[in-house]
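Subject: Structure handover

Hello,

Please find the structure below. My notes on it follow.

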Amino acid sequence: MDELRDKARELLQAGTVKVVIGHAAPSAGRRRPVFVRTPADAARLVHDEGCWHNLATYLTRPQVRRLGKPAIVASPQVLRAMLQLGAERQLAEDEAVALAVGNASSIRVLPTLSAVEEHLATVPDELGAAERAELERLSALPPAERRAFWEEQLGRCLKCYACRASCPMCYCERCTMDCNRPQWVPVASHALGNLEYHLVRAMHLAGRCVQCGTCGKACPVGIPVHLLTLFAEGTVRRHFGQRGGASARPEYALSTFRPDDKETFIR
Amino acid sequence: MSADFQLAEGSLDALFAAMTAAGRRIVGPRASDGRVEIGEVRSAGELARDGRHSVASAKVAAFPRVEKILSYRAEGRELAVEDPALPARPTVLFGLTPCEARGFGALSAILNWGTPDRFFNARLEQTTVVAIACTRSDEACFCTAVGGGPDHPGGSDLLLHPLTGGGYEVEVLTEKGRALVALAADRFQPPEGTARTAPAQVEAGFQMAEVTAKLPRRFDEPIWTEQSLRCLGCGACAYVCPTCACFDIQDEADARGGVRLRCWDSCAFRIFTLHASGHNPREKQGERWRQRLYHKFSYMPERLGVLGCVGCGKCSRACPVDMDLKEHLTEIAKGS
C-alpha cells in the first residue's frame, strides 16, 4: 500500500499526471473509486481484494477527462480494458499512466499502452474458479432449465443499467437500448425488454469483454450478468482465437472484413 | 406509541392464513440468495425479519416498473383506444421498515401533483401497510434526519413493535389497519405491557433544516461535480428509492395496434433531459446529481410540503460506487 501511495504521490508531485484514479476505503467494509489530485491526498489510496470496480470505465468519462491526464491503479483487468480501449481508438498510446498492481508486491509504472501490453504478457490470464464452475454448471443444463434460470434472474432486472454504466467497454454516449424512435429493442423493463437488453449487451461484448466481472458485482439486485458476457467472450476466443484486451491493435473478430475470408457468404 | 393489541409470534401464521383466505396478496421482504428482496410471501416464515433492509423498494406495489396505461388498435381507418382495467388486487405490504411506509406519502404527493394519478391511486387504495419497528440500523440509515424514526408511525396502517420475548405490540393507525385486525380478531389480544425491544439508534448525521436553507444558494458551486465524479450515471439509486416517481412513456406498437407503457426513469441518465434538438440542459453528470438532490430536498418541500426522502439509505446501499447520500448531505449541511 505504501509503495502505491508513494508512486502516486511522485507522479502528482512531478506533474506527470493531474489525477490518480484509485480506490479509497470510507469505512472498513466499503471501497469506492476516488480521484486523487494532490500529493497529500495520495494517502487515501488503498488496494486490496475489496476493490472490485474496473476503474478503466472512468478513462472515457467526460467529467473525469476534464481533470487532466490520469494515472490509474490497475489490476490486470484494468490493464486489459486499457488495451481494448486503445484498440477501439478510445485511449491514445500515452494518454494514461497505469500503476500496475498484481499478486507481485511491487507496483509497476506503465506510461504507454505498449508498456501495458508488454507487462500483461507476463501476467497469467485465467478466469476465476467460481466463474468457471458456474459457467460449466449452466452450460451443462438442459436448454429448458437454462432458460428457466435466466428468465428468473432477468425477471428481477430493474433496467437501472448499472451493468452497462460500470463496464469499461460500454462507453457510447448514446446507446441503442435507449433509442425510442425507432425502438430497436423494447425499452420497458418487462420480460422481453430485459431479455433482449441482456442478450444485446452480451453480443456487443463478445470478443471485447475483458472478463473483470464488474457488471455482475455492480448489479444492485445480484443478477450474475457477467456470466453472459463471459460466455460470449469465451465463444469468440474459441472460434477466432482472439480475446478482449489482449492487444491495443485495432482488429476485432466480429467487425473485421477480409477479402480472403474462407466463408463465402461474406464476400 | 401506545399499543392497541398484542400479537404472539405463534399467531403470525394464523394471521397470514386469514389474510390469504380474505383474498389479500401478501408482499414483503424475503431472504433470497443472501439478499433481501421484496416479493410475495405466503407464510410468516418466509418473511425476512432480521433487521436488514430490502435492496429494492416496496413502492412496486403501487408504482410498478412497467404499467400499461392504454392500448389501441386500428379498425379500418379508425383507431380504437382502450383504457386498461384499473388494478384491483387487495395487497398487504407486510413487514416493511417504517421508512418505507413513510415513502408512500412522498410518492403520493408527487404523483398526484396537479392531475391525480388514477393508476397509482387505485393500487394504493387497495394496499394495506404493516410496518415493523426497526431494532437494527446500519451506516446508510438516516431516517431521524428527515422527520422519521425507527418506530415512526407515518404511512403505516398497522405498526408492530417487536417485544423482547418474541411477538409484537400492535398500533392500529387507520381504518385499513382496523379492517386487517378484524380478519383475525381472536389473534389480537389486549397488550400485557411486555417490554418492547429497544428501537434502533439511528444517528441523524446532519440537520435537514441546514440542507434546505443552504441549497438555494449553492446551485453554481463545484461541490456537485466533486461529489459526483465517481457517479456512473446509472439508475440504481432512483429505482430502489421509495420516493422516486419519475417515469417515461413508451409505445410498443405495430401496424395493427399497440400499447402505451409507463416505465420508471431516472434523472441520472444522460438522456433524461435530452431535447429533440440535441440540446441537453443537464449535459454533465454533476448537473444531474445536483438535480437529484434539489428535487428531493429543495423543490419538493417548497412545492409539495414534503421531503422527497425518507432516509432509508437504499440508494447508498444499492450504488455500485458507494455514492453515500447521508455523507453528501452532511457535507452540504456543513458548507457555508
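What covers the buried residues of H4(A)? The cover includes H3, strand S4 (97–100) and strand S5 (108–110) of chain A. Cover here goes by contact, and two residues are in contact if their C-beta atoms, placed from the backbone, lie within 7 Å. Helices (H or I, at least four residues) and strands (E, at least two) are DSSP runs, numbered from the N terminus.

Before the rest, some conventions. Residues are numbered from 1 along each chain as its sequence is written, and chains are lettered from A and ligands numbered from 1 in the order in which they are written. This is a predicted model, in which local features need pLDDT of at least 70 and side-chain atom pairs count only at pLDDT 80 or more, while totals for chains, interfaces and linings use all residues.

Chain A, helix H4

The buried residues of H4(A) are Leu113(A), Val116(A), Glu117(A) and Leu120(A). They lie on the same side of H4(A), because the arc they cover around the axis is only 95°. The arc is that of the directions from the helix axis to the C-beta atoms. A residue is called buried if 20 or more other C-beta atoms lie within 10 Å of its own, exposed if 12 or fewer, and partly exposed in between, with C-beta atoms placed from the backbone.

Chain A, domains

Chain A is assigned domain 1 (2–120) and domain 2 (129–255); such bounds come from an automatic or database domain assignment. Taken over C-alpha atoms, the centres of domain 1 and domain 2 of chain A are 25 Å apart. Between them, 18 residues of domain 1 of chain A are in contact with 19 residues of domain 2 of chain A. On the domain 1 side of this contact, helix H3 (76–87) and helix H4 (113–120) of chain A are the elements that give two or more residues. H3(A) has the largest share of that side, with 8 residues. By class, the domain 1 side holds 7 nonpolar, 8 polar and 3 charged residues. For these classes, Ala, Val, Leu, Ile, Met, Phe, Trp, Tyr, Cys and Pro count as nonpolar, Asp, Glu, Lys and Arg as charged, and the others, Gly among them, as polar.

In the loop between H3 and S4 of chain A is Arg89(A). Its phi is near 60°, a positive value in a residue other than glycine. Arg89(A) is exposed, with 9 other C-beta atoms within 10 Å.

Chain A, a helix pair

Helix H5 (residues 129–140) and helix H10 (residues 226–240) of chain A pack with their axes 11 Å apart, at an angle of about 80°. Axes are lines fitted to C-alpha atoms, for helices over the stretch in contact, and angles run from 0 to 180 degrees between N-to-C directions. H5(A) and H10(A) are therefore roughly perpendicular to each other. Angles of 65 to 115 degrees count as roughly perpendicular, under 35 as roughly parallel, over 145 as roughly antiparallel and the rest as oblique. H5(A) brings Glu131(A), Glu134(A), Leu135(A) and Leu138(A) to the contact, and H10(A) brings Leu227(A), Leu230(A) and Phe231(A). Of the residues in this contact, 5 are nonpolar, none is polar and 2 are charged.

Where the chains meet

How many residues of chain A are in contact with chain B? There are 27, and they meet 31 residues of chain B. Strand S1 (19–27), strand S2 (30–36), helix H2 (62–65) and helix H7 (162–166) of chain A each supply at least two residues of the chain A side. S2(A) gives the most, 4 residues. The chain A side has 15 nonpolar, 8 polar and 4 charged residues.

Chain B

In helix H10 (residues 325–334) of chain B, the buried residues are Leu325(B), Lys326(B), His328(B), Leu329(B) and Ile332(B). They are on the same side of H10(B), because they cover an arc of only 165° around the axis. Their cover includes helix H5 (208–214), helix H6 (223–228) and helix H9 (314–318) of chain B.

Glu327(B) is also found in helix H10 of chain B. Glu327(B) is partly exposed, with 18 other C-beta atoms within 10 Å. In the loop between H9 and H10 of chain B is Asp322(B), which is buried, with 21 other C-beta atoms within 10 Å. Phi of Asp322(B) is near 60°, a positive value in a residue other than glycine.

Regards
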